Amino acid sequence: MIGGIKVEKATIRANVKDRFWKRYIDVVRNEVVPYQWEALNDRILGAEPSHAIENFRIAAGESDGEFYGMVFQDSDVAKWLEAVAYLLEEKRDSELEALADDVIELLGRAQQPDGYLNTYYTVKEPGKRWTNLRDNHELYCAGHLIEAAVAYFQATGKRRFLDIMCKYADYIGTVFGRGEGQIPGYDGHQEIELALLKLYEATGNENYLKLSQYFIDQRGQQPHYFDQEKEARGETKPFWYDGGYRYHQAHIPVREQKQAVGHAVRALYMYTAMAGLAAKTGDESLKQACQTLWENVTKRQMYITGGVGSSAFGESFTFDFDLPNDTVYAETCASIALVFWARRMLELEMDGKYADVMERALYNGTISGMDLDGKRFFYVNPLEVWPKACERHDKRHVKPVRQKWFSCACCPPNLARLIASIGHYIYSQTSDALFVHLYVGSNIQTEIGGRSVEIVQETNYPWDGTVRLTISPESAQEFTLGLRIPGWCRGAEVTINGENVDIAPLTKKGYAYIRRVWRQGDEMVLHFSMPVERIKAHPQVRANAGKVALQRGPIVYCLEEVDNEPNLANLFLPRDAQLEAHFEPDLLEGVVVITGTAERVDESAWNDELYRPIEPRTYQVPFRAIPYYAWCNRGEGEMTVWVNEK
Ligand SMILES: [Zn+2]
């Protein structure tokens, strides 16, 4: 405890051995991170230059030239460094580490004497720092650099990057606040708040916690800071999104916000910080706001894939039950942010509903953003694609195939850092309990009650619901294991050393609490039955009326043209269709597919008319569904998650 505030380390990192996730981590290590490094250095032929490293050289006075790129270009370097940190944590690699150390030294040289570190304002608009918080992402870039510095410190034990960022954060702390001569503002794109919280956790320095709280508390207060700075800039036009500041979740103070609005990534980064702060400080009103917003997002505005933000306009939330499948946005970064938020909600309250959403996003709407070999990426994650329709003006944001790189390259490096850090999401710990949130083959070494405990998790999840946990305390020890019983599972069985345990009376809010004296080599086997489930959307979701989606375990399925012929809209799944699931080792790096018999309407009866009074004839066709995350790895074609039901 520091001044009544909890600083206990809630997360523990597991070494991931899992077939499913280890493959993804290797893809990030061998493909995404090296490619991104080339991109940051403008060495990718045919791709738009990034200039991100060059911008730092110019800021350091080591190169002439002009700033180039987005105002938030620095954050690409930050996300690369953060992903590298997690990779080093998983496996030390002296070459990669040397490369990162060089970049960190470059950042140090680009840092201004007072601590300021931002290439756009240092190079392009010197003297104009902090004059457009609403649009220009200075605090956002600072936040990403702080997150990277914390990760790098934790991975390598080296303080250099952390010191650079503490100096910057200390400087930011002098600039912002309600005091005399300070700027009573906050960032236009939330990120600094959650980053300062991590910096506080890494250093124990309460100033960072207070600064994070300040940014959260000040947001949306009147007189409105964005109005004040706008006036100071001599701008008169109303803000493009809605004239107010819903886009930035700055329309009203955060505790009064009941509904997720505006830019989805901004919103979810903010909720992540709010949840983390509420967990640290015991702030009840902030906790309430988080819970209300959680219910709104996950019960009214979330796709079955864990995608969020259904409108391309402003990459934003819209209103309850508005979840169109084809004009969707569902940015990869927004699903990633949902994972961050869920993780923080679990610190606030141990409830399986948070881990369920975390798992949903992890196995579906986040990794769908990348192809299986890590070379191409989706920014937008549709649930229904008719490639021809992507030529329409109102669907141009929906790409029918993944793209190589983007000029606004937020998603690929964000996904890289998430995948590389998956080991941080599996377990958490309180003083005498260890919680298992995700079933991922891995091992951990931790301390409970002053004694070391090793846990080995073995599973073929998500294809198989059997999980074996071997628990080895250094000597016999009593503690609680909190096992998440997935929300999708309707039949969970647990045995310890071969004996059945009735978990029903031990289960509370999605976790089975098993307290006993654990002895070295105790073996617990969990079995979560994983039948194919037909999922229906709430009747208020107009887009899914009369349709059904297939899910097995945490995996949401889709149909692709390559398996099912064109025009997936003319495919009907009978209510009594037999659905078979089997593993195909050679398909899409090994997936469980769902097969069965569907029906199609015979088009020939229309006799080339567009409209006819007709009783349609149908015929039977075999169908095959594959995991949604793996769609579009076999060329361009139609895809749909929601299938007509007959
Ligand atoms: Zn993104």
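**First stop: salt bridges**

Select Asp-163 and Arg-159, whose side chains meet in a salt bridge at 3.1 Å, N to O. A salt bridge here is a side-chain nitrogen of Lys or Arg within 4 Å of a carboxyl oxygen of Asp or Glu. Asp-163 is partly exposed at 37% relative accessibility, and Arg-159 is partly exposed at 41%. (Buried means under 20% relative accessible area, exposed over 50%, and partly exposed in between, with a 1.4 Å probe and protein chains only.)

The model is predicted: local features need pLDDT of at least 70, side-chain atom pairs count only at pLDDT 80 or more, and totals for chains, interfaces and linings use all residues. Residues are numbered from 1 along each chain as its sequence is written, and side-chain values use heavy atoms, leaving out hydrogens and water.

Next, select Asp-114 and Arg-129, which form a salt bridge at 2.7 Å, N to O. This pair links distant parts of the chain, 15 residues apart: Asp-114 is in the loop between α4 (94-110) and α5 (119-124), and Arg-129 in the loop between α5 and α6 (133-136). (Helices, H or I of at least four residues, and strands, E of at least two, are DSSP runs numbered from the N terminus.)

Then select Arg-134, Asp-135, Glu-229, Arg-233 and Glu-235, which are linked in a network of salt bridges. Within this group, Arg-233 and Glu-235 meet at 2.8 Å, N to O. A search of the whole structure finds 55 salt bridges.

**Second stop: helix α9**

Select residues 192-203, the twelve residues of α9. Which residues of α9 are buried? They are Ile-192, Glu-193, Leu-194, Ala-195, Leu-196, Leu-197, Leu-199 and Tyr-200. These buried residues pack against α7 (138-156), α8 (160-175), α10 (206-218), α12 (264-281) and α14, where contact means heavy atoms within 4.5 Å. Just after α9, Gly-204 has a positive phi of about 75°.

Finally, select the zinc ion with its protein donors Glu-331 (OE), Cys-333 (SG), Cys-410 (SG) and Cys-411 (SG), which lie 2.1 to 2.2 Å from the ion. Cys-333 lies in α14 (residues 332-348) and Cys-410 in the loop between β3 (384-385) and α16 (411-420), so the pair ties together parts that are 77 residues apart in sequence. (Donors are N, O and S atoms within 2.8 Å of the metal, or 3.2 Å for Na, K and Ca; water is not among the atoms, so sites may look incomplete.) Cys-333 is buried at 2% relative accessibility, and Cys-410 is buried at 10%.

Key
The expected span of a helix is 1.5 Å times one less than its number of residues.
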